[in-house]
Amino acid sequence: MLLLSDNVADEVSVTQRHAHGSRRLGRAGSHARVLALALALTCAAAGCRYSVDLEPLKAAAQSSTITAADGTVLASLDTGEHRTDVKYADIAPVLRAAVISIEDHRYFEHPGVDVHAVVRALQHDATSGGIAEGGSTITQQYVRAVLLGRERTVHRKLREAVLAVQLERKYTKREILERYLNTIYFGNGAYGVQAAANRFFGTSASRLTLPQAALLAAVIRAPENYNPYTHKRAARLRRNLVLDKMAQYGHLTKQAAARAKSAPLGVSDRSWKHPSLAPYFVDQVKQFVLDHREFGATVAERRRALYAGGLKIQTALDPRLQALAEDAVAKVLVDPAHDPSAALVSIDPRTGHVKAYVGGRDYFGRDPWAKFDLASQSRRQAGSAFKPFVLATALEQGVPADTKYQAPAEITLPLRGQAPWVVHNYDGQGGGTMSLVDATVRSVNTVYAQLIMDVGPTPVVQLASRLGIRSKLMPYPSSALGTNGVSPLDMASAYTSFAADGLHTNPVFVTRVTGADGTVLYNEAPQRERVLPPDIAREVNGILEQVVSRGTGVNARIGRPVAGKTGTGEQWRDAWFVGSTPELTTSVWVGFATSERSMVPPATRDRVTGGTWPAQIWGLFAGAALAETPVSTFPAPSGAAALTVKTQPLPDVSRMPGDRASQLLNDAGYAVRVVEQPNRTYPPGTVLGQEPIANTPITKGTEVTLTLARVPRRTRVPMVLGLLADEASYAVAANGLQVHLVVQAEPPPGSPARAGRVWKQSPLAGEPADEGNEVTVWVNR
């Protein structure tokens, strides 16, 4: 008799041993017929009333697998029975030998029922007064698993034996062993050897080592009692028994068994209990299957196909980009306990493939809202990130991008049958006239309020829907400022229409689905639709590039052309940055998930706008994602359209006398607005700063704000200890001082009653200070 090598069962030795057993089985053929007859007569005498014809074998449920674009497994879906069938040849011989040794060492010798084992079991039953499960062959165990229940009665055991003999007449030993090993339960939700090998060791059934195979064989008898995660000592003892049996029955040497016994159990961690890669994306894939009739006529049929049909679902997700997206969010929102949440969706505008998808902070967290998908289910104000849809509508209606509008800090517009609409700019600044290009770059609300009144709210929301917004949009004038609720998936999808030269492809999550038998059930066939003329899309991109190069989106610069737009919701409750390169369109939203809270201190470390945390997240992600991708540019608009975005560098007038700086800027074609700031460092009237900053490319006619020094008045620092943060800020500002809030817990012992209140200030109350000086206050959360 040949022996197996130390680590791998030698197929020849097993085959020869089984062939020897098959010859003995042939000689036992007549015994099988006698045994079957005896079993039938016994059953009849016992009063059994059932047919002994072999019933059709039940089709076992198989797990469905969701994979990323590169084949990485994202999730395995099942109904509690994690199972993937494999062929006999794909099951490691060492595992087959281990199972036979511990469960049924005469498997290749008996006709389905082992008479010797049955006799032993009957003797045990007679002395114990009960019905035991001992004595069952592998064939009987398989019959029990797929045809019978677990009840312990004489009738069931007789029927099991009869069907086992019949099964061996219909199928070969190899076929039965293959079916058995694909069916039995190994514990921890794993049904069949492939699922067990993956779950316990992170490998396949064909690559199991001797110690691994012995452990899997060990748990079959009682998966919970021999669970290697919870009953390690029992699992080790049982595994070592399997190794002894393998040596006893000639499948390996005693020396090999001894070496294998010294190996650790070696089970992988239990991370499979919560798949960690893109769970919000996986939910989108599940919904895709449940929504499409290719996978079943009814929802119930589609659900069974998803969880028990053995589907192989290939997706568009790029695991590298997914990891980069999650990392970018984590690097900016560094305090999960207090920082707001973020969502990120990244799409290839050329194909519609969703490459990265962050739907929340922790899908498997304890919060009741943890599984709520912020990327697709939330509807939050887009703020100024909606303005490109107004701009595209205007360009499509023939409004040139160099058209100038009045750009006051505040404007009141009449509405038919309603109260007048009062619009303020975000920064409270304004004055003079401004082109649509600069109004977009600087995100000027008062210009866009006038623009939407000219082009009409209905065409704007219609175009936004055509470009890819699937949320319901109301055609109100305020939609120009992003008051409609949209999702990050909406925004990424719509902006791909600009990046793809006016062509739109619906977001693609799933690229291919095959059934358990390899039949192709679904193949991605994306439809690209012309939603915007190419020149309009190119002109919008050209203007949005300036938003990033010199406007509110400078934090998203990554050393290559980026066309994007910031957005900040009312009261700083939502913050966005949506931007594209020709290869990737990504939307980022930041906000509190459970309520629309303002993202200002002390709720957040800083005042959050679209140009801060969202733009930073976008830049970190896109910069890393495209680090090895050659730089490419958007196509330039043709003809006269290209002339509408001409700019020139803004002169540097810092430290000049105010009157001289104003004259220089007026002569260069710019409008000038002057504000004063208390300052003792420079003479009164000196230019302390300019907005936009020097050398920024802007168009003629753009308003430039100059900040001039003036002599500050003297004031005193107010007492703010014990006040709430907003009360302290008001008190400091009322004295003409600037406030710097530091959110930090006071030293112990603190009191819950002091939450959100000031516990320290500098300078101290009553000290003299110049108007405009800064007062730092420390506030509890």
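In this predicted model, the buried residues of helix α9 are Leu210, Pro211, Gln212, Ala213, Ala214, Leu215, Leu216, Ala217, Ala218 and Val219. The helix spans residues 210–219, and since ten of its ten residues are buried, α9 is largely enclosed by the rest of the structure. What do the buried residues of α9 pack against? Their partners are helices α3 (93–103), α8 (193–201), α10 (232–248) and α11 (254–261), together with strand β4 (185–187).

The pairing partners of β20 can be followed next. Strand β19 (residues 563–568) runs antiparallel to β20, and six bridges join the two. Within this pairing, Thr568 of the chain stands opposite Ala575 in β20. The hairpin of β19 and β20 has six residues between the strands, and Gln571 takes a positive phi near 60° there. Strand β21 (residues 585–591) is also antiparallel to β20, again with six bridges. Here Phe577 stands opposite Val588 in β21, and the hairpin that β20 and β21 form has four residues between them.

For Arg607, the ring is that of Trp572, with the charged end 4.3 Å from its centre. For Arg597, the ring is that of Phe592, and the distance to the centre is 4.0 Å.

Aromatic side chains also meet one another. A pair of aromatic rings is described by the distance of the centres and the angle of the planes. How many aromatic pairs does the model hold? The count comes to 18 aromatic pairs. One of them joins Phe386 and Phe389: their ring centres are 4.9 Å apart and their planes meet at 80°, so this pair is edge-to-face. Phe386 counts as buried because its relative accessibility is 1%, and Phe389 counts as buried at 0%. Phe389 also pairs with Phe498, this time in a stacked arrangement, at 6.1 Å centre to centre and with 25° between the planes. That pair links distant parts of the chain, as Phe389 lies in helix α15 (residues 387–396) and Phe498 in helix α19 (residues 488–499), 109 residues apart. Phe498, at 1% relative accessibility, is buried as well. Together with Tyr495, the residues Phe386, Phe389 and Phe498 form one aromatic cluster.

The largest nonpolar core has 91 residues, and Phe281, Ile313, Phe389, Met491 and Leu532 touch the most other members. What is Ile313 in contact with, leaving aside its neighbours within four places in sequence? The contacts of Ile313 are Thr65, Ile66, Thr67, Val285, Val289, Leu306, Val510, Arg512 and Val513. A second, separate core contains 59 residues, including Ile100, Phe200, Phe201 and Ala205.

Conventions:
Residues are numbered from 1 along each chain as its sequence is written. This is a predicted model: local features need pLDDT of at least 70, side-chain atom pairs count only at pLDDT 80 or more; totals for chains, interfaces and linings use all residues. Side-chain values use heavy atoms; hydrogens and water are left out. Rings of Phe, Tyr and Trp (its six-membered ring) pair if their centres lie within 6.5 Å; planes under 30 degrees apart count as stacked, over 60 as edge-to-face and the rest as tilted. Buried means under 20% relative accessible area, exposed over 50%, partly exposed in between (1.4 Å probe, protein chains only). A charge sits over a ring if NZ of Lys or CZ of Arg is within 6 Å of the ring centre and within 35 degrees of the ring normal. A nonpolar core is a set of buried Ala, Val, Leu, Ile, Met, Phe, Trp, Tyr and Cys residues joined through side-chain atoms within 4.5 Å. Contact means heavy atoms within 4.5 Å. Two strands pair if DSSP finds at least two bridges between them.
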